[in-house]
Amino acid sequence: MLVLAFDTATPAVTAALHDGARVLAESTTIDARRHGELLVPTIETVLREAGASLGDVTAVVAGAGPGPYTGLRVGLVTAQALATSLGVPAYGVCTLDALAYGSGLAEPFLVATDARRKEVFWGHYQDMRTRLSGPAVDRPHDLPGELPLVGAGARMYAEVLGASRLLDAGEYPYAGALAALAAEQLGAPDVREVVENGTHPVLSLPRPIYLRRPDAQVPGAPKKVSA
């Protein structure tokens with residue numbers, strides 16, 4: 001097994017290689033505006049550091065969001081293109097799940113990432129592997145109270161949510177955690193069939209998780225101008 005995983009649903013452009021037992025290489029750049037420029041060089045970096053080539057990859061995994069439209073599409077389109085050219089399966093994993101897994105927590109908590117428009121994408125977790133609800137998008141003050149918080153979205157609105165609830169965990173869904181979470185699932189029998197049926201608890205087909213319409217809209221018909 002050699003899993004190539006990456007995520008572009010947050011400002012973190014992150015990629016990693018996992019051999020089914022451990023992360024072989026990981027690289028991350030925080031830049032919310034250059035997903036398209038940075039992803040391929042980041043993939044090349046982890047392949048080089050791991051001493052591997054694209055032809056060695058047996059599965060491609062991409063963060064499926066939720067996240068801003070443009071950045072999210074970069075990762076998913078790249079995953080589909082690579083998988084097709086290599087003849088290997090491609091999967092999606094909820095970006096919030098990767099962030100939760102990376103926290104290592106064994107207690108209930110919330111994950112929140114920046115959704116812009118003064119909102120957050122969030123999910124409720126029983127532990128690092130088990131999502132109880134979400135993903136959802138809401139204003140920070142609408143999130144459930146009291147539970148600990150993980151993620152850059154929570155930190156952005158610490159004054160609203162309560163700074164004491166913030167945990168010292170990663171703010172972004174790093175690809176090493178994404179790859180490790182996926183690798184746990186890929187060894188199971190009939191995994192592809194379960195994914196294609198839409199019943200797998202973690203893996204999905206590489207399709208974006210959209211919780212609202214994109215900011216860009218198709219222009220309507222021009223208004224008529226009366227003489």
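Let me start with Phe109, whose bridge partner in strand S7 is Tyr125, strands here being DSSP runs of E at least two residues long, and helices runs of H or I of at least four, numbered from the N terminus. This is a predicted model, in which local features need pLDDT of at least 70 and side-chain atom pairs count only at pLDDT 80 or more, while totals for chains, interfaces and linings use all residues. Residues are numbered from 1 along each chain as its sequence is written, and side-chain values use heavy atoms, with hydrogens and water left out.

Strand S6, residues 109–116, pairs with strand S7, residues 119–127, in the antiparallel sense over seven bridges; two strands pair if DSSP finds at least two bridges between them. They belong to an open sheet of four strands with mixed pairing, in the order S8-S7-S6-S9. Strand S8 (130–138) and strand S9 (149–150) stand at the edges, and because each has a single partner strand, one side of each is left without a neighbour in the sheet.

Across S6, S7, S8 and S9 lies helix H3, residues 95–103, which runs at about 135° to S6; contact here means heavy atoms within 4.5 Å, and the angles, from 0 to 180 degrees, are taken between N-to-C directions of axes fitted to C-alpha atoms, for helices over the stretch in contact.

Turning to annotation, an unreviewed UniProt entry places the feature "domain: Gcp-like" at residues 31–143, and such annotations may be inferred rather than shown by experiment. That span is 38% helix and 31% strand, and its end C-alpha atoms lie 27 Å apart.
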